[in-house]
Amino acid sequence: MAATEESRLLERLVLDPAFRARFRLDPAGAAREAGFEELAEELARQGGDPMQTLDGRESRSSVAGALMAAV
């Protein structure tokens, strides 16, 4: 995912409470609807609880892991 996409997603998560709520319920679906296909695919592959901390899981993508920690 390009840095501009990362910034756009983080900005949207911080500023848009409705999107943040959808993302918490269905991260892959919300990311896909917002146009972040690469992140949506990564989130779908990871499964499990996307809101868990980084300590308890292996992150295949440092970007996705950082985004989950930020949320």
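A salt bridge is counted here when a side-chain nitrogen of Lys or Arg lies within 4 Å of a carboxyl oxygen of Asp or Glu. Side chains of opposite charge can pair when their charged atoms come close. The model examined is predicted, so local features need pLDDT of at least 70 and side-chain atom pairs count only at pLDDT 80 or more, while totals for chains, interfaces and linings use all residues. Residues are numbered from 1 along each chain as its sequence is written, and side-chain values use heavy atoms, with hydrogens and water left out.

The structure holds 3 salt bridges. One of them joins D16 to R12, with the closest N and O atoms 3.4 Å apart. To describe the surroundings of each partner, relative accessible area is used: buried means under 20%, exposed means over 50%, and partly exposed lies in between (1.4 Å probe, protein chains only). On this scale D16 is partly exposed at 24%, and R12 is partly exposed at 30%.

A further salt bridge links E37 with R32, and here the closest N and O atoms are 3.9 Å apart. E37 has a relative accessible area of 39%, which makes it partly exposed; R32, at 38%, is also partly exposed.

The pair E42 and R45 forms a salt bridge too, its closest N and O atoms being 2.6 Å apart. These two residues sit 3 apart in helix α4 (residues 37-46), and so are separated by about one helical turn. Helices are DSSP runs of H or I with at least four residues, numbered from the N terminus. Within this pair, E42 is buried at 9% relative accessibility, whereas R45 is partly exposed at 49%.
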